[in-house]
Amino acid sequence: MTQATGLRRIQARERGKRLLVPLLFILPAFVYHACLVVLPALSTIYMSFFDWNGLGAGTFVGFANFVEIFTKDTVFPVAILNNLKWLLVFMVLPTTIGLLVAILVSRQKKGQLLYRAIYFLPYVLASIVAGKIWSSLLSPYFGIGKMCKVLGLTELGRVQWLGNPDLALFTVAFVDNWHYWGFVMVLFIAALHQVDNHLYEAARVEGASKWSEFWHVTIPGIMPTLVFIIMTTMMWSFTTFDYIWAMTKGGPGQSTEILSTWIYKNAFMNYRGGYANALCVVQLGFVVLVFLLQQRLRKKAEEF
Amino acid sequence: MKKGLALFLALVLTLASATCTALAEEKAIEINWMVENISEGERAALNEYMIAPFHKEFPNIHINMLPTPDSVNVLKTQMAAGEGPVLFNLDGPTDVAELQKSGRVRDLTEYYTQYGWNDIIADWAKQTCKFDEKYYAIPKDVEAMWLWYNPTEFKENGWTVPTNYAELNATCASIAQAGLIPMAFGNGDITYSIDHWLSAVYNLYSGVTDLKAALRGEKKWTDDTLKGAITTLNELWQAGYINEKQTFSISGDDARTLFYTGAAAMKMEGSWLYPMLLSNAEVEFDIALFPKLRDDVEYALPMGLGGVWAMNANASKEEADAAAAFLNFALTRTDLHVASIENAGLLPMPIDLPVEAFSKDADPRLITMISMLNDAQANLENSGIVMWTFFPPELRTWQTSNMDKVFLGQMTVDEFCEGSQEVFDKCLADGTIPPLP
């Protein structure tokens with residue numbers, strides 16, 4: 001063996017180590033992810049082709065579940081529409097409120113931490129607990145309704161926030177937003193701190209107005225965070241479940257029915273596990289679409 | 001020498017007793033029993049009247065009660081993984097049917113024969129647990145829908161307990177005029193609890209004969225008497241007699257509070273309300289039959305099972321034997337069962353429970369309830385049926401999800417009935433209709 005061959009072998013071994021060691025570090029997370037995410041996801045796709053009650057062996061039915069979803073299921077379009085309404089609310093409200101309050105709070109020299117803590121507080125409350133508390137608050141007999149009646153605001157007291165099919169979805173969205181926007185605000189504050197102060201100073205020297213500062217310095221500076229928030233909000237909007245389940249269970253009628261509640265009802269109340277899996281696959285399709293959109297927007301944001 | 005002998009004997013005795021204890025411990029079987037997320041009071045009652053006396057009689061079997069929120073779904077998940085407790089409660093025969101189809105529940109026919117449960121359990125109740133000529137569950141308790149009312153308000157205002165639809169309307173109108181809620185009800189949290197009302201109107205407007213015929217596929221859900229039931233329920237809701245049309249805005253518990261505090265004069269709910277009323281009512285309460293909703297219909301008490309016991313198909317023979325011994329103890333110690341009903345308000349099992357078995361000091365309302373349940377069970381031809389025991393799950397989910405739409409004007413009564421027929425046809429084809437009494 002020549003000296004050069006030996007050196008090459010040592011270099012190859014070193015290269016192998018360099019490649020292998022990081023892989024070994026990733027391995028636990030990979031195994032965990034494969035077992036708890038990838039395999040169940042593949043199983044969901046597989047079972048969506050079966051007529052399965054969620055317990056025993058299923059019967060292969062091909063695309064029958066998907067055909068039913070798109071041709072016979074009258075709840076599915078209602079659920080999709082409600083998901084889109086939910087998405088619209090969450091695209092606008094928490095992002096706008098979170099950003100505005102983040103700007104105001106980040107300008108506070110004193111007590112900034114206190115404001116952040118107060119606004120963030122609802123986020124640490126368990127969603128089921130918050131949902132139940134708000135359900136009681138919105139009761140026409142015990143909560144806000146009674147208070148309005150005592151104050152002489154009888155008509156307002158009679159409003160059925162959760163009982164009126166035109167209001168119920170937006171009422172639950174309001175409660176979820178009450179819980180969520182503080183989290184968005186914290187993300188924006190972190191992003192605002194990353195914006196270089198020299199850019200603001202330069203803008204001021206150039207005579208830029210507050211609006212110009214915001215539009216030409218702040219927004220580009222926080223663009224990656226903004227895109228991240230909008231996109232995660234979009235994805236979460238398609239998978240949301242907790243507040244609706246805690247407060248209305250999809251009712252009254254199907255006015256707050258969303259894909260997740262419809263999946264749950266099929267899987268756990270109707271013993272239609274196969275059909276619920278097919279709905280999950282469709283839901284996954286929507287989320288993947290949003291994800292692809294996010295990737296494109298992220299690239300554009302980076303160029304911005 | 002004596003000292004040595006004494007020491008030796010003491011050592012032998014200690015070793016012997018230790019060995020015996022170890023053997024006894026080895027023989028002890030632990031049975032996990034998954035129950036719903038029952039209240040503290042119910043847990044205490046089950047411990048006092050079932051588990052503790054059983055442990056006394058069978059020290060080698062340990063029953064470990066596991067109250068679990070959303071227990072049926074937790075159980076289904078555990079079973080899908082081939083796990084789960086030995087013994088568990090299920091909501092009713094519809095759950096048993098699905099578990100049986102998947103081979104998850106144990107065939108209990110041998111225990112029915114061994115312990116003579118065939119002679120103990122009411123026939124109508126055990127038929128609901130029979131699939132392919134085998135028993136897969138044991139009916140746990142009987143419940144029925146009642147009209148609970150506030151006798152103080154009734155007396156003060158000169159109202160009488162309604163016995164027909166016209167009287168119900170008149171009484172509700174008077175109650176509303178007096179500034180009270182006629183009938184408390186809320187399903188904001190549990191949308192499907194509208195099945196209480198659907199059960200009542202189908203039995204008391206359509207009549208048991210027509211309802212059973214519809215469930216056998218011999219009548220259409222669009223026929224006059226079945227459609228009339230939905231129309232009647234809608235009329236009651238639209239008139240504001242069912243919780244002032246605010247049923248979606250409040251939870252079941254909130255609605256109960258309205259009755260507990262006297263804000264509502266009546267409440268149509270099942271037997272399970274009785275122990276809740278005993279603990280929470282701030283006003284007097286009494287019990288009556290919910291009125292007939294059509295003149296030419298026979299009276300029927302809407303009755304069904306509050307749940308069943310079943311065993312895991314994966315349980316070993318030894319575990320199954322132990323669990324069966326426990327169930328047999330519960331079914332045969334009627335003295336303890338009567339005490340649990342009388343003192344803790346537990347629901348009665350579908351076994352022979354003559355009124356005479358209860359003490360003279362027993363609550364007369366309880367005696368009324370037991371007596372009417374006994375009458376209904378003795379006259380099965382005319383006894384009513386409840387949705388959660390005798391309707392296929394898919395039809396129940398469809399009807400309970402869509403009744404709201406009828407109330408809200410998003411669906412007509414005709415559309416509701418046609419939709420019900422469509423779903424029912426599918427259930428009939430799939431063979432998911434539970435056996436009827």
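Predicted model: local features only at pLDDT ≥ 70, side-chain atom pairs only at ≥ 80, totals over all residues.
**Entry 1: salt bridges**

The side chains of B:Lys267 and B:Glu269 form a salt bridge, with N and O 2.9 Å apart. I then checked the burial of both partners. B:Glu269 has a relative accessible area of 2%, so I noted B:Glu269 as buried. B:Lys267 also counts as buried, because its relative accessibility is 2%.

I turned next to chain A. A:Lys265 and A:Glu257 make a salt bridge whose closest N and O atoms are 2.9 Å apart, and both residues are buried. In the salt bridge of A:Glu213 with A:Arg204, the closest N and O atoms lie 3.1 Å apart. A:Arg204 is partly exposed, because its 47% falls between the 20% and 50% limits.

**Entry 2: the contact of chain B with chain A**

How many salt bridges does the rule find across the interface of chain B and chain A? It finds zero. For polar contacts across this interface, I noted 17 residue pairs, both residues being at pLDDT 80 or more. I then listed the helices of chain B that each supply at least two residues to the side touching chain A: α3 (71-80), α4 (93-101), α13 (252-260) and α19 (393-407). Of these, α19(B) gives the most, with seven residues. Sorted by class, this side of chain B has 11 nonpolar, 12 polar and 12 charged residues.

I also recorded the extent of the contact, which takes 35 residues from chain B and 27 residues from chain A. The area buried between the two chains is about 2800 Å², and carbon and sulfur atoms give 52% of it. B:Lys76, B:Gln246 and B:Ser249 supply 19% of the area that chain B buries against chain A, more than any other three residues.

**Entry 3: helix α3 of chain B**

I looked up the buried residues of α3(B) and found B:Ser71, B:Val72, B:Asn73, B:Leu75, B:Lys76 and B:Met79. These pack against α12 (259-269) of chain A, and also against β1 (29-35), β3 and α4 of chain B. After α3(B) comes B:Gly82, with a positive phi near 75°.

**Entry 4: strand β10 of chain B**

Why is strand β10 (residues 302-311) of chain B described as largely enclosed by the rest of the structure? I found that nine of its 10 residues are buried, and therefore the description holds.

I then traced its pairings. Strand β3 (residues 87-90) pairs with β10(B) in the antiparallel sense over four bridges, and B:Leu87 stands opposite B:Met311. Strand β6 (residues 138-149) is also antiparallel to β10(B), over six bridges, with B:Pro139 and B:Val308 as bridge partners. With strand β11 (residues 384-385), β10(B) pairs in the parallel sense over two bridges; here B:Pro302 stands opposite B:Gly384.

**Entry 5: B:Glu422**

I located B:Glu422 in helix α20 (residues 413-430) of chain B. Its relative accessible area is 62%, over the 50% limit, so B:Glu422 is exposed. B:Glu422 and B:Trp221 are 201 residues apart along the chain, and I noted 9.2 Å between their C-alpha atoms.

Definitions and conventions. Residues numbered from 1 in each chain as written. Chains lettered and ligands numbered in written order. Heavy atoms only, no water. Contact = heavy atoms within 4.5 Å. Buried area = accessible area lost by both parts, 1.4 Å probe. Salt bridge = Lys/Arg side-chain N within 4 Å of Asp/Glu carboxyl O. Polar contact = N/O pair within 3.5 Å; in protein donor to acceptor, adjacent residues only side chain to side chain. Nonpolar A, V, L, I, M, F, W, Y, C, P; charged D, E, K, R; others polar. Buried < 20%, exposed > 50% of the residue type's maximum accessible area, 1.4 Å probe, protein only. Pairing = 2+ DSSP bridges.
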